[in-house]
Amino acid sequence: MRALIQIAAQNNFLVHQMDVKTAYLHAPIEEDIYLEQPEGFEQTSETGVKWVCKLNTSLYGLKQSGRNWYKLLNDHLEPNGFEKNQSDHCVYRKQIENDTIIVIIWVDDLIIAASSEDCLIRFKDTMKSQFSMKDLGKISYFLGIQFEQKEGEIKMNQKKYILKMLEKFGMSNCKPRATPSELKVESNRYEEENNNKIENPKDYREIVGSLIYAMTCTRPDISWIVSKLSQSLAKPKTQDLVAAKHVLRYLKGTVDYELCFRKTDEVLSLIAFSDSDWASSVEDRRSTTGYCFSLTPQDSAISWKSRNQPTVALSTCEAEYIGLANTTQESMYLTQLLNGMDNSAYTCTKIYGDNQGAIAMSRNPVNRLRSKHIDIKYHFIRDALSEGRIHVEYCPTEDMVADILTKPVSKVKIVKFKSCMFGNEMCICHTEHGLR
């Protein structure tokens, strides 16, 4: 969705929203399924045998209803000239001479980006003739996300969602914090006293679940701490709950943060920052990988991730190399997705890393004593580099945007990289490294 918003802002597309009324009831069903008559509406045969109902269409609650609805919608879109995106089958695109229309399907909700108003109206009329539709006009609120459209600019934020979350957990009047977490999060992690455990972990899990959705949609700045908190869902402790409330206090002070996508004179191209923090997990000594992608130097990120690596890295170089491999994986997916959405050809992703050894290892496929044990699945980065699908460059650690996705950071770094994450102004590090 963020990729579509960036493309729409770049090309001055109209972005509207439609909703299908009782979507699942439109879809036919292949299997023979029977159900009992509802209480108070029973009918019997002449001999007194109690009848049952046979379903003619899908019904909410059936396992196959979602699939049946998607198949029906797909059978309507493809004959009308829409091409299914190979990376995401819920994204469709249609080219009509100079007009373009892109559709994203989210169950029974449709986000439509069209290059002209005539093209948009024709599509809406076609959908209304086939299904019972509700036209919601310009997209303004979708899945808890608020949208603001201007000429050549679209913004996304979750202010209402965050305020509702703060009210739910009794943090509406809390004192704001300047950072998502303390610089030392795990100082008391191994205390096992009974009074250190949370008696009812339900509240903690609800807070973390709510934070995960905010982080996934519009808040990359809390990715690291939310990922860390989600590792304690089974047996949370008091300090985990304190850390979770710390994030809520940070959101209280930054509730107005929003992703900003603007039109630019430059050609859209994938730019990535990749970083790793070696052996950062005290419990299992696994490293943390963080990356973020954007389509222009001055706009906000369209993809980000913070996660523990699946294997224990024996050196900083190895941890960074694994991080580059994970970033390359995401770049390949985004390249395929974008090529199916935009006219432009996305062929090479520029990836920035802050470890010279990892960059040299990706460019020079030589087995050395300290690197020959690295799993073969991470070496595909060398093929991607030789084929020209990615280009890896060095970026100093002090200018590494993905640094805030791998460890707790100070207020200074949060402020420095805010523009790179949210696209409110030109990012300093992008300018320094020749991206503009």
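Reader: What gives the most to the lining of the largest pocket?
Author: This is a predicted model, where local features need pLDDT of at least 70, side-chain atom pairs count only at pLDDT 80 or more, and totals for chains, interfaces and linings use all residues. Residues are numbered from 1 along each chain as its sequence is written, and side-chain values use heavy atoms, leaving out hydrogens and water. Helices (H or I, at least four residues) and strands (E, at least two) are DSSP runs numbered from the N terminus. With five residues in the lining, the top contributor is α5.

Reader: Which elements each supply at least two residues of that lining?
Author: Look for the pocket (on a 1 Å grid over the protein atoms alone, an open set of points where a 1.4 Å probe fits, with protein on both sides within 12 Å along at least five of seven lines; lining atoms lie within 4 Å of a point). Its space comes to about 970 Å³. Of its 36 lining residues, Met 1, Arg 2, Thr 216, Ile 302 and Tyr 333 sit closest to the centre. The elements that each supply at least two are α1 (2–11), β6 (99–106), α5 (202–217), α6 (223–229), β15 (303–308) and α8.

Reader: How many residues of the lining are nonpolar?
Author: Ala, Val, Leu, Ile, Met, Phe, Trp, Tyr, Cys and Pro count as nonpolar, Asp, Glu, Lys and Arg as charged, and the others, Gly among them, as polar. Seven lining residues are polar and four are charged, while the nonpolar ones number 25.

Reader: Which residues make the contact of α8 with α9?
Author: The axes of α8 (residues 316–339) and α9 (residues 356–363) come within 8 Å and cross at roughly 60°. Contact means heavy atoms within 4.5 Å. From α8 come Cys 317, Glu 320, Tyr 321 and Leu 324, and from α9 Gly 357, Ala 358, Ile 359, Met 361 and Ser 362.

Conventions
Axes fitted to C-alpha atoms, helices over the stretch in contact; angles between N-to-C directions. Points joined across faces, edges and corners; volume = space filled by probe spheres on them.
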